[in-house]
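I am opening the notebook on this model.

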Amino acid sequence: MKKTILIIDDEIGICTSLEFALNSKYDVKSATNSNNALKMLNKEKIDLCLLDLKLGKDNGIDLLKKIKNRFPDMVVIMMTAYGTIETSVEAMQQGAYTYLIKPLSISELNIVLEKAFAYQDLNYRVGYLESELEDRYDRNGIIGKSPLMKDVLKLVDKVKDIDSSILITGESGTGKELIAREIHYSGKRAKYPFEVVNCAAIPEGLLEEEFFGHKKGAFTGAIENKKGKFALANNGTIFLDEIAELSYNLQAKLLRVLQHKEYSPVGSNEKISLNIRVLSATNKDLKKCIEEKTFREDLYFRLNVIEINLPPLRERKQDISLLINYFIKKYNIDFKKNITLISDAAEKKLLKYNYPGNIRQLANILEYAAVMANTNTIEEEDLPADIISYNSGNKIIDKDELSDLSLKEVEKKAIESALQANKGYRKATAEQLGISLKGLFNKIKEYNIDTSQYIE
């Protein structure tokens with residue numbers, strides 16, 4: 001049976017020419033706008049979509065999101081005459097299989113279609129394995145069953161064998177280095193070195209030498225040649241942690257290395273070629289750093305070909321119980337304990353907490369509790385005092401106050417209390433209140449709620 005392709009393009013001529021070029025091998029259909037495309041997808045069995053980035057007044061990325069939301073397994077190939085890194089990367093992040101630049105080469109298109117269908121068939125064949133492994137939540141120390149973490153790991157699988165630069169973003173303690181290591185050790189460069197440079201931990205004057213090494217005699221005390229991290233990581237992966245802390249001057253040198261794939265040790269004019277993949281990480285908003293002139297925009301685009309954003313722990317609370325079990329097992333080994341249980345009261349406290357320090361903070365809390373526990377059970381009193389006293393904000397208003405308040409006053413107090421409980425984080429607040437993020441912003445504005453004390 002032929003595979004069915006849906007071409008979505010507002011230019012009828014392109015639809016017609018592609019139908020003519022492909023109909024000998026495939027069952028080809030076409031739609032010229034988003035509404036017609038969605039109707040066809042709902043009514044007919046479509047195996048693959050060829051989607052134009054520009055659909056008259058419609059945006060192809062918006063349609064891509066709708067398609068992937070309704071049909072998660074649908075293979076979508078983007079077509080664009082506006083080939084920029086930003087749009088292509090956004091399309092990939094939203095679930096596109098790949099993208100092609102117009103005018104299309106039919107021979108190239110046929111090759112891509114064959115690969116896409118092979119990829120789709122492989123996914124179908126291993127589908128049963130995914131269900132078998134549904135209860136396996138530990139992946140080399142990366143713990144999670146939440147949809148957000150599943151999405152992260154799917155993206156890791158997609159990028160592990162490519163050489164593009166990857167920027168890993170997220171708050172402190174979310175596990176950015178773990179993700180970097182997973183990308184390296186699960187990919188084609190796994191047998192080669194993985195080198196880490198913490199750009200915030202090394203004084204600026206020593207960082208260039210840390211990157212590129214030095215030649216004997218380059219400065220007082222340089223009594224022998226020394227290899228830098230780039231040389232040590234050659235053929236493998238270098239991970240630049242806290243990249244936002246890199247000085248502006250060194251950013252320029254790093255950019256040249258990434259552009260030309262070569263470097264010179266300190267004190268030498270010799271050019272040494274590199275075959276390396278660069279992963280970087282930051283807990284800062286680099287776009288804001290660019291606006292503040294502390295980070296180079298050209299380096300940002302060089303590092304951020306693909307971005308992997310790690311969710312904070314408060315947005316993946318269903319993973320907390322898994323992490324609790326993981327850390328209890330770890331500290332049993334570390335402290336020669338035999339903790340087998342955590343009381344309901346203690347677990348409830350841990351599940352309600354918001355973890356501004358994320359997984360690292362949860363690990364510290366459980367390390368403390370493991371030390372304090374006198375039996376094989378972690379009790380509520382074994383937790384740190386600030387966890388025991390923490391008020392999650394679930395009890396928003398005392399019921400005795402309700403009779404004296406209007407409905408709007410109750411709503412305002414509910415929002416203020418939830419904001420306080422979630423330390424000003426809008427997304428977590430909206431989720432707790434059961435409203436959309438946009439709805440929360442509108443309510444904050446409507447009730448003139450002061451949020452200046454919160455830094456999101």
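I began with the pairing of β3 and strand β6 (residues 75-80), which is parallel and runs over five bridges. Two strands count as paired here if DSSP finds at least two bridges between them. Strands (E, at least two residues) and helices (H or I, at least four) are DSSP runs, numbered from the N terminus. At this pairing I found L51 opposite M78 of β6.

Before going further I noted the ground rules: the model is predicted, local features need pLDDT of at least 70, side-chain atom pairs count only at pLDDT 80 or more, and totals for chains, interfaces and linings use all residues. Residues are numbered from 1 along each chain as its sequence is written, and side-chain values use heavy atoms, with hydrogens and water left out.

**Entry: strand β3 and its sheet**

I looked up the other neighbour of β3. Strand β1 (residues 4-8) is joined to β3 by four bridges, in parallel. L6 has C49 of β3 as its bridge partner.

How many residues of strand β3 (residues 48-52) are buried? Five of the five are, so the strand is largely enclosed by the rest of the structure. Buried means under 20% relative accessible area, exposed means over 50%, and partly exposed lies in between (1.4 Å probe, protein chains only).

I then traced the whole sheet. It is open, has five strands in the order β2-β1-β3-β6-β7, and its pairing is parallel. β2 (27-31) and β7 (98-101) are the edge strands, each pairing on one side only. Neighbouring strands are turned by 20 degrees against each other on average, direction ignored. I5 is bridged to V28 of β2.

Helix α2 (residues 34-43) lies across β1, β2 and β3, and runs at about 140 degrees to β2. Axes are lines fitted to C-alpha atoms, for helices over the stretch in contact, and angles run from 0 to 180 degrees between N-to-C directions.

**Entry: F71**

I found F71 in the loop between α3 (60-70) and β6. F71 is partly exposed, at 22% relative accessible area. Leaving aside neighbours within four places in sequence, F71 is in contact (heavy atoms within 4.5 Å) with L41 and N42.

**Entry: the other sheet**

I traced another open sheet of five strands, in the order β11-β12-β15-β10-β16, with parallel pairing. Why does one side of β11 (194-198) and of β16 (306-309) lack a neighbour in the sheet? Both stand at the edges with a single partner strand each, so one side of each is left without a neighbour. The twist averages 20 degrees from one strand to the next. β11 and strand β12 (residues 237-241) run parallel, joined by five bridges. V197 stands opposite L240 in β12.

**Entry: helices α7 and α8**

Helix α7 lies across β10 (166-169), β15 (277-282) and β16, and runs at about 150 degrees to β16. I then looked at its packing with α8. Helix α7 (residues 147-159) and helix α8 (residues 176-185) pack at about 35 degrees, with axes 9 Å apart. V152, V156 and V159 of α7 meet I179, E182 and I183 of α8. The residues of this contact divide into five nonpolar, no polar and one charged. Nonpolar covers Ala, Val, Leu, Ile, Met, Phe, Trp, Tyr, Cys and Pro; charged covers Asp, Glu, Lys and Arg; the others, Gly among them, are polar.

**Entry: R189**

R189 sits in the loop between α8 and β11. At 6% relative accessibility, R189 counts as buried. Which side chain does the side chain of R189 make a polar contact with? The partner is the side chain of N275, at 3.0 Å. A polar contact is a pair of N or O atoms within 3.5 Å; within protein, one must be able to donate a hydrogen and the other to accept it, and residues adjacent in sequence count only if both atoms are side-chain atoms.

**Entry: N358**

I placed N358 in helix α16 (residues 358-372). N358 is buried, at 0% relative accessible area. The N358 side chain reaches the backbone nitrogen of L313 at 2.9 Å.
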